[in-house]
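Good morning, and thank you for coming.

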Amino acid sequence: MTDQHPIEEQLDLYALGALEGEERRQVELHLATCADCTRTLAEVRGVLASLVLSAEQKAPAARVKQQLLQRIQEEAAPAIAVKPGAALPHRPAGSWWIRLWAPAAVALAAIAIVFWVSNRRLASEVETLRQNQLVQQAELDRVRAISELAMAPDTVSVSLASAAAGFPGHGRVLYNERRGALVYAGSVPPLASGKAYELWVVPQVGNPIPAGLLNVNPSGAGSDILPRIPAGVAFKAFAITLEPAGGVPAPTGPFVQSGA
Ligand SMILES: [Zn+2]
């Protein structure tokens, strides 16, 4: 039994001192041997402590506490009505139930706070997982598309060489005319801010077709792009030019690399 981790709710209740009897004993026995749960308990206590410290300033926790206390007072009120004309008891009316109910009210308020915190924590964990999954899925899709392109029998490989002394570097384009798919990998000089390297498909007939902007890492190495370009374009050459950030529909800047 004790080698089973308590559920988070039990740790929350334990941290609040609201766990009793056998359940409390089991959690204590487990905590004595489980570093993970001890760490979780410390986290829960940290959250509780920060809540208590900020309870006066922050709206939801204080409001929850206040509403709970108010509801309990309303529900308990009829039971302590003093008969008209009856002698006032030694203590002010209601003091007995306040003493009776106050600890329960505090415990309820604390539990409400814990659930509120747990919900918020869960919501943010779910959101983080969802974001991670989206990023991983996008990366997976990209890798799959590149490997499909690289393995297609009708994909051609074209080397690109530096086109001007000011732009050392070289690269390679994999191009599949039938799919309208293309990927560049290579090295380029680091980019000045406000600038971008734009890749072009130079067709056998007509004007250069923009094929996207290179992703340039700080060292300029290992850039690649996987743009969406029209299918069925017979290429004459590929070229990279230096353009304003965001790219342009037709080349305006100096040639950085080219190959045919
Ligand atoms: Zn455990």
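I start with Gly46, which has a relative accessibility of 35% and therefore counts as partly exposed, since that class lies between the limits of 20% and 50%. Please bear in mind that this is a predicted model. Gly46 belongs to helix H3, which covers residues 35–54.

I turn now to the aromatic rings. How many aromatic pairs does a search of the whole structure find? There are three. One of them joins Tyr175 and Phe235 in an edge-to-face arrangement, with 5.6 Å from centre to centre and 80° between the planes. Tyr175 is in strand E2, residues 170–176, and Phe235 is in strand E7, residues 235–244, so this pair ties together parts that lie 60 residues apart in sequence. Tyr175 and Phe235 are both buried.

Tyr175 also pairs with Phe238, again edge-to-face, at 5.3 Å centre to centre and with 65° between the planes. Here too, distant parts of the chain are linked: Tyr175 in strand E2 and Phe238 in strand E7 are 63 residues apart.

Are Tyr175 and Phe238 buried or exposed? Tyr175 has a relative accessible area of 1%, and is therefore buried. Phe238, at 0% relative accessibility, counts as buried as well. The cut-off for this class is under 20%.

To conclude, Tyr175, Phe235 and Phe238 together make up one aromatic cluster. Thank you for your attention.

How values were computed:
Residues are numbered from 1 along each chain as its sequence is written. This is a predicted model: local features need pLDDT of at least 70, side-chain atom pairs count only at pLDDT 80 or more; totals for chains, interfaces and linings use all residues. Side-chain values use heavy atoms; hydrogens and water are left out. Helices (H or I, at least four residues) and strands (E, at least two) are DSSP runs, numbered from the N terminus. Buried means under 20% relative accessible area, exposed over 50%, partly exposed in between (1.4 Å probe, protein chains only). Rings of Phe, Tyr and Trp (its six-membered ring) pair if their centres lie within 6.5 Å; planes under 30 degrees apart count as stacked, over 60 as edge-to-face and the rest as tilted.
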